[in-house]
Amino acid sequence: MTDVLITAGELAEFLKQEPCVVIDTRNPEAYGAGHLPGAVNVHEIFTYLATSTPEGMQELKTKFADAFGDAGLSGKETAVIYEQSMNSGFGQSCRGYYLLTMLGYPKIKVLHGGYDAWAAAGLPVTKDVPSPVKASFSVLPEAGDILIDAKTMLAAVGKPAIALLDVRDIDEWIGESSSPYGKDFCPRKGRIPGAVWLEWYRMMKPTAEGPRFKSKNEILAECATVGITENTPVYLYCFKGARASNTFLALKNAGVKDVRMYFGSWNEWSRDPSLPIEEGLPTDVKLTTKAA
């Protein structure tokens, strides 16, 4: 399907041929129970909550440039990112892919099917913890254009030429829950005004081996249901940029040319009462707050 996604069998051969740094994004307990040989655990790829102030965006870049450098990425190695499976970790391996892309890292793979696919193929796992050699990780500033802030998102509200794409779970989309961490984790429930919705699960489909990304044409067909074509600028958001990273990878694979992400997402937007939201069911839209 893409040069980014790699199957377990392909990865087993790739690791023999190319220098790689394998990064496990799962929690430390899952990592400790067994992981790919040589894999470094960087669970904060999933847990980190970002803000889109200038200071917050710089902190995000610095934090993960340091983390990826500590894992041994110098630009020469291929970064291989994985999670448990494609639909059980809220897109955490894809969040690693997005962060590396945003920082301008040149060579990235995502293990399609995650750890489950690797284990199901009978490939070796280990509990041994490696000691990576720290590397100098270089940031490519222009790659950061795919990261947008709340001001850019607000400026796009009311501009139909830009698709504001919400990919959260349905209870968040219809305003019954504020986050995957609990219904009242954030102070407000609802949507960014004018957003369209494709629940992130729709980028994948069940197979005999587990959930896998849909084909390019299948993803474009999903996009077409909300008016998105390959030429539509798309601004993605979810709760904190994990599920949206899964959709980011899917849309880029499908050939959608201009895809950016509001990484602060609902976790930030909902906490600023000056930012407008829609509440209630999408069929009965109520604009509750106007921007200051």
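Trainee: Where is Gly91 found?

Mentor: Gly91 sits in the loop between strand 4 and helix 5. Keep in mind that this is a predicted model.

Trainee: Why is Gly91 called buried?

Mentor: Buried means under 20% relative accessible area. Gly91 has a relative accessible area of 0%, so Gly91 is buried.

Trainee: Which residues count as contacts of Gly91, leaving out those up to four places away in sequence?

Mentor: Contact means heavy atoms within 4.5 Å. On that test Gly91 touches Glu83, Trp200, Ala242, Ser245 and Asn246. The C-alpha atoms of Gly91 and Asn246 are separated by 5.0 Å, although the two residues are 155 residues apart along the chain.

Trainee: Asn246 belongs to helix 10. What makes helix 10 mostly covered?

Mentor: Eleven of the twelve residues of helix 10 are buried. Among them are Ser245 and Asn246, both of which Gly91 touches.

Trainee: Which residue other than glycine has a positive phi of about 55°?

Mentor: That is Phe90. Phe90 lies in the loop between strand 4 (78-82) and helix 5 (92-103).

Trainee: Why is Phe90 called partly exposed?

Mentor: Buried is under 20% and exposed is over 50%, with partly exposed in between. Phe90 has a relative accessible area of 28%, so Phe90 is partly exposed.

Trainee: What is phi near in Ser265, and is Ser265 buried or exposed?

Mentor: Phi of Ser265 is near 50°, a positive value in a residue other than glycine. Ser265 is in helix 11 (residues 265-269). At 0% relative accessibility, under the 20% cut-off, Ser265 counts as buried.

Trainee: Why does His112 count as buried?

Mentor: His112 has 12% relative accessibility, and buried means under 20%, so His112 counts as buried. His112 is placed in the loop between strand 5 (108-111) and helix 6 (114-120).

Trainee: What makes the pair of His112 and Phe213 a polar contact?

Mentor: A polar contact needs N or O atoms within 3.5 Å. The backbone nitrogen of Phe213 lies 2.9 Å from a polar atom of the His112 side chain, so the pair meets that limit. Not counting residues up to four places away in sequence, His112 also touches others, including Leu5, Met86 and Arg212.

Trainee: Why does Thr225 count as exposed?

Mentor: Exposed means over 50%. Thr225 is at 54% relative accessibility, so Thr225 counts as exposed. Thr225 is found in the loop between helix 9 (216-224) and strand 11 (234-237).

Trainee: Which backbone oxygen does the side chain of Thr225 reach?

Mentor: The side chain of Thr225 reaches the backbone oxygen of Glu222 at 2.5 Å. Leaving aside neighbours within four places in sequence, Thr225 is in contact with Leu198 and Arg202.

Trainee: Which residues form a nonpolar patch on the surface with Tyr181?

Mentor: Leu49 and Phe185 form the patch with Tyr181, and together the three have about 280 Å² of accessible area.

Trainee: Why is Tyr181 called partly exposed?

Mentor: Tyr181 has a relative accessible area of 44%, between the 20% and 50% cut-offs, so Tyr181 is partly exposed.

Note on methods
Residues are numbered from 1 along each chain as its sequence is written. This is a predicted model: local features need pLDDT of at least 70, side-chain atom pairs count only at pLDDT 80 or more; totals for chains, interfaces and linings use all residues. Side-chain values use heavy atoms; hydrogens and water are left out. Buried means under 20% relative accessible area, exposed over 50%, partly exposed in between (1.4 Å probe, protein chains only). Helices (H or I, at least four residues) and strands (E, at least two) are DSSP runs, numbered from the N terminus. Patches are made of residues with over 30% relative accessible area and no salt bridge: like charges are joined within 9 Å, nonpolar side chains (Val, Leu, Ile, Met, Phe, Trp, Tyr) within 5 Å. Accessible areas come from the Shrake-Rupley method with a 1.4 Å probe; for residues, only the protein chains shown count as cover. A salt bridge is a side-chain nitrogen of Lys or Arg within 4 Å of a carboxyl oxygen of Asp or Glu. A polar contact is a pair of N or O atoms within 3.5 Å; within protein, one must be able to donate a hydrogen and the other to accept it, and residues adjacent in sequence count only if both atoms are side-chain atoms.
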